[in-house]
Amino acid sequence: MDKLNKEEKELLDNIKTNITLLRKVNGISMRDTAESLGVKENTYRVWEDPDKSSPKPHYIYKIAKAYGVTTDFMYSNNLSDVDGAEAFNISDSELDDIKKAYGDKYLSELSNSEKVIIMQLRQLNKEDKKKALEALSKALDEIYNQ
């Protein structure tokens, strides 16, 4: 790797810090995060290690999409006040609606498998996301109507 200037190193350090923080805040394992991104766990582990290489730009984009944040957010150093709901980009009114519908079992309390599905959905383009959600809705309707 070429020698990085101070600003480049700081940006890469921010990415490593942010992907680690977002993953931990949302209670997702490295293995599940790697699975949702379509990479091996060891590859993902390297991305969080401060002394190893960082993810390539297209993976930074995928990680940002998975957590519902911007790529600018991934490069920033202002994540210290992020909580689970904010990391999943849920407004207070949406969170209230979710709590009313599902009790206290909202996004920050989902199982890792449920979080992986959400992260995978977030990485899809608009058309594919619509298809996936329609398929999921149809499958759930079939289960509920048995």
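This is a predicted model: local features need pLDDT of at least 70, side-chain atom pairs count only at pLDDT 80 or more; totals for chains, interfaces and linings use all residues.
## Exercises on helix packing and exposure

Helix 2 (residues 30-37) is mostly covered, since six of its eight residues are buried.

**Exercise 1.** Identify the buried residues of helix 2 and state what covers them.

*Solution.* Step 1: a residue counts as buried when its relative accessible area is under 20%. Step 2: in helix 2 the buried residues are Met30, Asp32, Thr33, Ala34, Ser36 and Leu37. Step 3: the cover over these residues includes helix 1, helix 3, helix 4 (57-67) and helix 8 (112-122). Step 4: after helix 2 comes Gly38, which has a positive phi near 75°.

**Exercise 2.** Classify the packing of helix 2 against helix 3 and name the residues that meet.

*Solution.* Step 1: the two axes lie 8 Å apart, and the helices pack at an angle of about 110°. Step 2: angles of 65 to 115 degrees count as roughly perpendicular. Step 3: helix 2 and helix 3 are therefore roughly perpendicular to each other. Step 4: from helix 2, Met30, Arg31, Thr33, Ala34 and Leu37 take part, and they meet Glu41, Tyr44, Arg45, Trp47 and Glu48 of helix 3.

**Exercise 3.** Determine how helix 1 (residues 6-25) is oriented towards helix 3 (residues 41-48).

*Solution.* Step 1: the axes of helix 1 and helix 3 come within 8 Å and cross at roughly 120°. Step 3: helix 1 contributes Lys16, Ile19, Thr20 and Arg23 to the contact, while helix 3 contributes Tyr44, Val46, Trp47 and Glu48.

**Exercise 4.** Decide whether Tyr144 is buried or exposed, and name the surface patch to which Tyr144 belongs.

*Solution.* Step 1: Tyr144 is located in helix 9 (residues 126-144). Step 2: a residue counts as exposed at over 50% relative accessible area. Step 3: the relative accessible area of Tyr144 is 64%, so Tyr144 is exposed. Step 4: together with Leu133, Leu136, Leu140 and Ile143, Tyr144 forms a nonpolar patch on the surface, whose accessible area is about 500 Å².

Terms used
Residues are numbered from 1 along each chain as its sequence is written. Side-chain values use heavy atoms; hydrogens and water are left out. Patches are made of residues with over 30% relative accessible area and no salt bridge: like charges are joined within 9 Å, nonpolar side chains (Val, Leu, Ile, Met, Phe, Trp, Tyr) within 5 Å. Accessible areas come from the Shrake-Rupley method with a 1.4 Å probe; for residues, only the protein chains shown count as cover. A salt bridge is a side-chain nitrogen of Lys or Arg within 4 Å of a carboxyl oxygen of Asp or Glu. Helices (H or I, at least four residues) and strands (E, at least two) are DSSP runs, numbered from the N terminus. Buried means under 20% relative accessible area, exposed over 50%, partly exposed in between (1.4 Å probe, protein chains only). Axes are lines fitted to C-alpha atoms, for helices over the stretch in contact, and angles run from 0 to 180 degrees between N-to-C directions. Contact means heavy atoms within 4.5 Å. Angles under 35 degrees count as roughly parallel, over 145 as roughly antiparallel, 65 to 115 as roughly perpendicular and the rest as oblique.
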